[in-house]
Every structure is written in C-alpha cells, then in structure tokens.
Amino acid sequence: MKTRVGAAGGGGGEEGGLRCLLFVVLSCLRVLHAQENQVVFSLGTFQNVSVPVNGSVQAVVSRIPVDVAFITLQFHTQHHNATLSFRSVPVYGSFLTAVDSGLLFPLLPSQSSLSCYLLAPDGDPVAGTGVLLPYKNNDPIPGACNLEFPLENDPNIYLRYNIYETVIRFAPANIGHARDVAPPACDVDTGSSTRWRLEYDVYQYFLPENDLSEQSLISAVERVASVSSMVENGRKLMTLSSKDRTELSFNSIPGQGVIYSIIVRDPISNTSASYIPVHTYACSFASILDGCITLGKISTKVFFTITGLAGLFVCFLGHRFFKCELFCMGFAFGAFFFFVLITRTTMLDYNIRLTLTAVIGVVGGVILVMTWWRFGSVMACVVVVGLILGFLVSSIVFFTPLGDLAVFRNDVVFWVTFSCIVLIVPLFFIRWPREGNITTCGIVGAYTVVLAVNAYTYTSLSYITLDILKRFLNNNFSRAFISVPLQNIDFIMITVWVVLAVSGIVVQLYRERSRPFFPPSPYVMWCQERERRKTNVLDPSHHIPSFPARLLARVRQLTRHTEPAGERTPLLL
C-alpha cells in the first residue's frame, strides 16, 4: 500500500512539474506577444507603425525628463482610419478615430513613462507614422479648454470638406502650468492672466501637385509636425485671437494634398505649441467612380479638349474668321450662365448638365452670329466679347492675394467690385474695337488651352475662373479663404499662356494691318446690293428677276406643260 501511495505521489509530482513548465511557456509566449505588439517611441522622433487586422499596438515611451509638463502623440495615415486610445479597450471619451489623430497626456509629478494603444477600427490593416512631442510648463496646452468634443484635452483639428469648401474646427487652448499645479480655469475671467491672452496662427502646407503617394504625405507630415518646422516650411494664413470663432473655411482643391495646422502662442511667456496637423485631398480614395485616382470625368475631358482646340483656333485666327470667333464667344457666354442656372435650380446628374450646357452654348453661339449677320452691329458683338475679357481679367484680380482681403468676404462688396471691373474693360473696345477684339482672342483663346491641359493634369490656373463659379453656386463660399499653390507645372502653364496669347495677338495684328477693321455683314451687303440693282437701270443685273421670282418661275416650269416653240398659224402671202 505504501509503495502504491508513493507511486501515486510520484505521478502527482510529475504532473505538477508539467503544469509549472506549461505556465512558464505560456508566460513567455505572452511576453513575446506583448513585445511583438509594442512599439517604443522616443520623444521627437518619428516612428512607423503597422497595426494588424482586428489587432492593437501599444505605444510606449519612457525616460521622460522632469521638466516636461505634457506630451502630445500624433499619428497619421493617408486615407485609412486609425484609433488612438488611452485604454486597450476604447470607451467614450478615451479615444479618437481619424486619419490624423492625436492624444494629449498631462504628466503627474513623478511620472517618467506613459503608454497608449493604436487600433485598426475598419477591419483592415493600418500603417502610418507617429511622433511624441514634449512641451514644458510655460507652453500653452492645445485643446485644454475643450467643451465640444469627446476628449477632455483635445489637441485635434476636425476637418470636413465638399467640392466647394474645406472647413476646420478646433478646441480652445489653455495657458501652461507645471505638473503639480492645478490647471487654470478656462472661462471664469478674461484677463491677461487667463487663456484669453492666447493667439492662434493658422498655417497651410501644400503637397506636390499630382502626387497622391503615401510617401509624399509622410515626408510632408514630418516637415510640419512641430512648431518650428511648420513655421519654417508652412505658409501662415492668418492669426486669430481667443475671441474669434474656432471654425475656418478654405477653398477646396480636389486632388491637391493640403496640410492644415494651428499653432497656439502665448505672447506673454513667448511660448507656443502645435495642434495635431490634419491633411485632405478634397476627394475620396474609397470612391471607385469619382475618387482621387479617377478624378477627371471622361465627359469633362472631351468637353474641354474640344474647347481647347477651338480656343487655339481663335487665338491665332479668330479675327480673320469673325463668324467662328463670334460663335465661340457666344458659346462660352451662354454655356457659363446656363451651367450656373441649371446647377442652382436642379439636381440633375453632372453628365446631363454638361450635355445641356453644351447644347445651350451652341444656341448662344448661333444667336450671337445671327445677331451680327442680321443687324450688322459690330459694336454690340464686340461688347459681348469685351465682357468675356472683363470677366477673365476680374477673375485674375481676385485670384491674387487681393481676393483674400476681409472686405471681399461680404458678397455685396465682392460682386459690386467684380462687376465694375467686368464693365470697365469693354469701354476700351469703343475706342479700339479691332485691337480689343484681337486681344480678347489671344488671351481668352490661350486660357482655354490651359483649361484643356487641366482636364488631364492638375494646374492651379484653372481656379482663376473656377473660384468665381464656386461663388456663383455656393452661398457660403464667400467665407472660404482662396489659397492655391503655384508649383512647377503652374509656372510652365503661365509661360505657355503668355507665349500663346502674345503670339496670337502679334500674328493677328500683323495679318489684319491692311484689311478692313471688321468684315461686313452678309445681310447688310445683300440689302445694299438689292437697292443698287433697283436704282441702276444700266446695270445688267438690274434686269435679272429677284430670287423669289426666279424660284416661282422654276416651280411653274415643273408643273405646267410646255408649248412647242414652232409657228402654228398659216403664213400670210
């Protein structure tokens, strides 16, 4: 019996040893798995992170200096959402899901390390880049006076866009404080010792044109993530006081990458801190039909290709073939205003609207040609041509930084000023009608070539007229800041525009130097010829029947039996 008991006891000991070994192995596996899903960050250094499907990655930073009062973590992806969370299991108020997301960590007096979690919320793996930026106790705290968004301290910029405008919002900041000091109250007082002394600088950074690559975005984010790098590389748009609205509107540029950032400054302590930069392409990477990759519609390319070819013809031969020029100008005049009308009053599909616009443009061109043909009023037609040049000149004026002046955000001021410039230009045509007409052919014809190129590759010059079209179509577009990048392709297209315009004007002025100012109206010439035939009996053409008489005689010949020409009566002897 003892032997059996001893054997059983020995078996129990072996089983206990196996359990201990299994526990040690599982513990090691847990540690290895945890290390696999853990990324160690260094302050101020970018770290590329990949989050697996339905998984999470723990971001860890240690050895935080004692003079650091708070830290911001920002994580950027190109178009996939990523979740940043204080906890491994996100709960309301502890996480944010976005393509540009960030968290703010106020530090405790003895805290030297921290951690948070990155998750893939949409069932797809997520890859991006992140960085932890430290700030000291005198630096303002971005989003620390948040009363609108879920996070208690929210340093994020919230962005939304449509085809007309891009809108950003952010939470107010608070003045800095040490680790062991309670944060100042946000809205108790408005004195110089409160957060109301803070100022907000709004910055913008354009990505390279026609570059939708992820690497281009990551490189750009690394150049503008911190305060110093954004000030060095970005473009400052405006400065807001703490009393201004924390919502701003900008012009949308579909297909063009833009990064927006806000730097909050404390003018008394001369310190600053950065909100989480946010980017947009004003288009969707998920849309198959009309996304960022397939931004240009086939119908748009066909329409502007034909328009560009017609514009090139007008640029060099418009005045010589006056009827063709009038048709093209009438087409542009009628098509533009009909597109505005049909877009504001209907919800038709884009391709249908573009087709109807082309049809009405043809009608407008025919009407302008027939007006000249019937009445022979060259000046009336040239005034219409001058209005088109005036529209383009006025659009160019407001495409410059002048268009971003605060006074022009008032619709009445803008449209009165715009209309005055449009109406002033045709006045020069009264004194120099031929030169004005040839100038319009050169400038407007060359610009349509630029629009044709824009249908295939992005160029900012298309927004000269597109911004005005947006203002026609969107009542709220007046509050948007009109800012577009001028990069290499734009300078090339400006050169092409100038060369074509100057060449077209010079060629036409040289060809027409010895010709009449304008060709005569065919109808007026016909009327004059008819009067001449009536009064000049010595002219052989006077005895030619009129066209209606000749037509009626021809009809009678076809319907009546022709009598023989021989003599039927007896001869007289």
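A residue counts as buried under 20% relative accessible area, as exposed over 50%, and as partly exposed in between. Glu148, with a relative accessible area of 49%, is therefore partly exposed. Keep that scale in mind for what follows, and remember that this is a predicted model. Here's a quick tour of the sheets, salt bridges, aromatic pairs and a nonpolar patch.

**Salt bridges**

- The structure holds nine salt bridges.
- One of them joins Glu148 to Arg169, with the closest N and O atoms 2.5 Å apart.
- Glu148 sits in the loop between strand E9 (126-136) and E10, while Arg169 belongs to strand E11, so this pair ties together parts that are 21 residues apart in sequence.
- Arg169 is partly exposed, because its relative accessibility is 24%.
- Lys236 and Asp201 also meet through their side chains, at 3.6 Å from N to O.
- That pair links distant parts of the chain: Lys236 is in strand E13 (residues 235-241) and Asp201 in strand E12 (residues 199-206), 35 residues apart.
- Glu247 and Arg245 make another salt bridge, their closest N and O atoms being 3.6 Å apart.
- Here Glu247 is partly exposed, at 23% relative accessible area, and Arg245 is exposed, at 58%.

**The three-stranded sheet**

- Strands E10, E11 and E14 line up in that order as an open sheet with antiparallel pairing.
- E10 (157-161) and E14 (247-251) are the edge strands, each with a single partner, so one side of each has no neighbour in the sheet.
- From one strand to the next, the twist averages 20°.
- E10 pairs with E11 (residues 165-170) in the antiparallel sense over five bridges.
- Across from Ile157 you'll find Phe170 in E11.

**The five-stranded sheet**

- Another open sheet runs in the order E1-E3-E8-E5-E6, and its pairing is mixed.
- Its edges are E1 (38-40) and E6 (95-98), each of which pairs on one side only.
- Neighbouring strands in this sheet are turned against each other by 25° on average, direction ignored.
- Inside the sheet, E5 (residues 82-85) and E8 (residues 114-119) run antiparallel and are joined by three bridges.
- Ser85 stands opposite Tyr117 in E8.

**Aromatic pairs**

- There are 25 aromatic pairs in the structure.
- Take Phe322 and Trp372: they're edge-to-face, 5.4 Å centre to centre, with 75° between the planes.
- This pair links distant parts of the chain, with Phe322 in helix H5 (residues 322-345) and Trp372 in helix H6 (residues 350-375), 50 residues apart.
- Phe322 is buried at 3% relative accessible area, and Trp372 is buried at 2%.
- Ring pairs also build a cluster, and its members include Phe333, Phe391, Phe408, Trp415 and Phe472.

**The nonpolar patch**

- Met379, Val383, Ile424, Leu427, Phe428, Ile430 and Trp432 make a nonpolar surface patch of about 670 Å².
- Helix H7 (378-399) and helix H9 (427-431) are the elements that give two or more residues to the patch.
- H9 supplies the largest share, three residues.
- Leu427 is found in H9, and with 53% relative accessibility Leu427 counts as exposed.

Note on methods: Residues numbered from 1 in each chain as written. Predicted model: local features only at pLDDT ≥ 70, side-chain atom pairs only at ≥ 80, totals over all residues. Heavy atoms only, no water. Patch = residues over 30% accessible without salt bridge, like charges linked within 9 Å, V, L, I, M, F, W, Y side chains within 5 Å. Areas by Shrake-Rupley, 256 points an atom, 1.4 Å probe, with all protein chains shown as cover. Salt bridge = Lys/Arg side-chain N within 4 Å of Asp/Glu carboxyl O. Helix = DSSP H or I, 4+ residues; strand = E, 2+ residues; numbered from the N terminus. Buried < 20%, exposed > 50% of the residue type's maximum accessible area, 1.4 Å probe, protein only. Pairing = 2+ DSSP bridges. Axes fitted to C-alpha atoms, helices over the stretch in contact; angles between N-to-C directions. Phe/Tyr/Trp six-rings, centres within 6.5 Å; stacked < 30°, edge-to-face > 60°.
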